[in-house]
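Q: Please take me through the reading of a structure, feature by feature. I would like the general idea, then the case at hand.

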Amino acid sequence: MSLRSRLALSFAAVGAVVAALVGVLSYQAAADRVTAEIDRTLRSATVALADDRARALALSEAVAHGPDLFPGPDRPGPGDEPEWQVTVQSVAPDGTPTHLGGPPVALPVPAAARVLAASGAPGDSYTTEVVVGRATHRQLTTALGGGRGALQVAVAVDQTHHVLGGMAREIAGAGLAVVLAAAVAGRLLAGRITRRLERLARVAAEVSADGRGEGHTDVRSYGGVLVDGGGRDEVGLLTRAFGRMLTRLADARAAQERLVQDAAHELRTPLTSLRANAGVLHRITELAPDARERLLYDIEGETGELVHLVDDLVALALVGAAGDEAAEPVELAEVARRAARRVHRRTGRLVLLDADGSVVHGRRRALERAVGNLLENAAKFDPDGADPVELRVHRGTLTVSDRGPGIPAADAPHVFDRFYRAATARALPGSGLGLAIVRDVAAAHGGTAFAVPRPGGGTTIGFTVATVDDRP
């Protein structure tokens with residue numbers, strides 16, 4: 001069953017329950033009120049008869065022409081009486097009835113009435129409905145006490161039942177109309193709700209079919225029809241969340257394609273060189289010893305460069321994914337200390353560390369790799385420097401300062417781009433991905449990367465992260 005049908009059915013069910021409750025309560029209230037009015041009249045006639053039989057008979061005649069409980073046109077039907085008339089009879093202690101007045105109806109004397117007539121206390125009464133011939137009467141039996149028997153008064157109630165039956169049919173018809181109206185309103189309302197969901201589902205189906213988020217990132221309108229009117233309801237929230245998801249999907253897809261294209265471009269050079277050198281290996285016995293040594297040296301260097309490039313590509317691809325490493329509270333000073341030790345072992349350069357107690361909720365290995373890339377970059381561009389590389393951690397900001405040649409102003413906006421290498425750095429080893437990894441690690445931890453000239457010469461380069469104290 002579709003969501004629209006479920007909502008329509010739910011509205012109809014609620015309408016049915018409400019209509020049934022209102023109808024039953026209304027009918028019961030009307031029936032109780034009419035029955036109470038009849039019982040009051042019967043009790044009045046009984047009291048009058050007990051005080052003065054002649055007065056009771058006069059009351060019976062008066063009631064026969066009394067006020068109409070149901071004003072308006074008469075409702076013809078079975079048992080319809082032209083007047084509301086009270087039948088009065090006495091019941092002897094032995095159960096023998098005697099007609100006293102009113103229509104000549106032979107009222108029955110049930111067992112309960114015989115008990116009242118024989119041994120009932122004065123004022124004890126018993127009310128029931130009896131069928132005499134084809135007419136239904138409401139009958140009140142009241143004990144007189146003292147061996148005087150009992151009095152019975154009755155009035156025909158077929159017309160009353162007919163009126164109440166008509167009321168019940170009208171209530172049932174009104175309830176059915178309410179149920180139908182609720183079902184129609186529910187279906188219309190459900191249509192307004194599900195229409196946007198259906199269009200959203202079509203967008204999701206298209207995205208899942210082609211695997212691309214481009215062209216669908218603004219899902220508020222689709223196919224020229226408004227999907228989300230900017231409301232604050234759940235569908236509007238879902239639409240906006242879906243739009244943000246598609247935006248991230250499109251960005252990730254675009255970044256993936258750029259990475260693949262850049263990787264293919266960068267891998268082509270070492271692979272081409274390796275292929276050429278592999279062809280020369282077929283004639284290695286014909287080469288002079290010096291040429292053979294240079295060939296092997298070139299192959300070893302190109303292979304190392306290729307391995308380093310592949311490692312950087314894998315690291316760059318995994319920066320945005322958690323992988324097997326879960327986020328946890330990380331003390332940045334410890335991360336910086338471990339990265340400094342590793343770079344010192346590799347390059348021999350001293351690292352001067354100045355760190356506070358900043359803590360970030362992030363991935364330890366990714367942060368350590370980013371800091372290591374900054375330190376290795378500083379050591380690479382200042383290989384003969386006598387001063388130690390300065391590493392500072394302060395309130396979620398990590399900076400590395402060196403006394404190298406600095407970054408030309410034209411290259412400063414591009415140092416964090418993938419595979420970008422300044423003209424002065426193209427002769428140095430590297431893939432051009434180290435600072436790109438730093439930028440992506442910073443972004444994954446809610447921060448940014450930056451590079452500025454250092455006063456007195458050199459460069460200060462680093463990144464910021466959102467610390468635990470900075471999180472909302």
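Q: Which residues is Arg-138 in contact with, leaving aside its neighbours within four places in sequence?
A: Contact means heavy atoms within 4.5 Å. On that basis Arg-138 meets Thr-35, Ile-38, Asp-39, Leu-42, Thr-127, Thr-128, Glu-129, Val-153, Ala-154, Val-155 and Val-157. This is a predicted model, in which local features need pLDDT of at least 70 and side-chain atom pairs count only at pLDDT 80 or more, while totals for chains, interfaces and linings use all residues. Residues are numbered from 1 along each chain as its sequence is written, and side-chain values use heavy atoms, with hydrogens and water left out.

Q: In which strand does Arg-138 lie, and is Arg-138 buried or exposed?
A: Strands (E, at least two residues) and helices (H or I, at least four) are DSSP runs, numbered from the N terminus. Arg-138 belongs to strand β4, residues 135-143. Buried means under 20% relative accessible area, exposed over 50% and partly exposed in between, with a 1.4 Å probe and protein chains only. Arg-138 counts as buried because its relative accessible area is 14%.

Q: What joins the side chains of Arg-138 and Glu-129?
A: A polar contact of 3.4 Å. The term covers a pair of N or O atoms within 3.5 Å; within protein, one must be able to donate a hydrogen and the other to accept it, and residues adjacent in sequence count only if both atoms are side-chain atoms.

Q: Where is His-137 placed, and why does His-137 count as buried?
A: His-137 also sits in strand β4. Its relative accessibility is 6%, so His-137 counts as buried. Leaving aside neighbours within four places in sequence, the contacts of His-137 include Val-105, Thr-128, Glu-129, Val-130 and Val-132, and also Ala-154, Val-155, Ala-156 and Val-157. Along the chain, His-137 and Thr-87 are 50 residues apart, with 9.5 Å between their C-alpha atoms.

Q: How many helices and strands does the protein have?
A: There are 9 helices and 14 strands. The protein has 472 residues, of which 37% count as buried. Among contacts between residues at least 6 apart in sequence, 63% join residues at least 24 apart.

Q: How many residues does helix α8 have, and what span does α8 reach?
A: The expected span of a helix is 1.5 Å times one less than its number of residues. Helix α8 (residues 364-381) has 18 residues and runs 26 Å from first C-alpha to last, close to the 26 Å expected. Its buried residues include Ala-366, Leu-367, Glu-368, Asn-373 and Asn-377.

Q: At what angle do the axes of helix α7 and α8 cross?
A: Two packed helices are described by the angle between their axes and the distance between the axes. The axes are lines fitted to C-alpha atoms, for helices over the stretch in contact, and angles run from 0 to 180 degrees between N-to-C directions. Helix α7 (residues 332-347) and α8 have axes that come within 8 Å and cross at roughly 45°. Angles under 35 degrees count as roughly parallel, over 145 as roughly antiparallel, 65 to 115 as roughly perpendicular and the rest as oblique; α7 and α8 are therefore oblique to each other. Residues making the contact include Val-335, Ala-339 and Val-343 of α7, and Leu-367, Val-371 and Leu-375 of α8.

Q: At what angle do α8 and helix α9 pack?
A: The angle between α8 and α9 (residues 434-444) is about 145°, with the axes 9 Å apart. Among the residues that meet are Ala-370, Asn-373 and Leu-374 in α8, and Leu-435, Val-438 and Val-441 in α9. Leu-435, Val-438 and Val-441 are among the buried residues of α9. After α9 comes Gly-446, with a positive phi near 75°.

Q: What is the phi of Arg-395, and where is Arg-395 placed?
A: Phi of Arg-395 is near 50°, a positive value in a residue other than glycine. Arg-395 lies in the loop between β11 (389-394) and β12 (397-402). Its relative accessible area is 62%, so Arg-395 counts as exposed.
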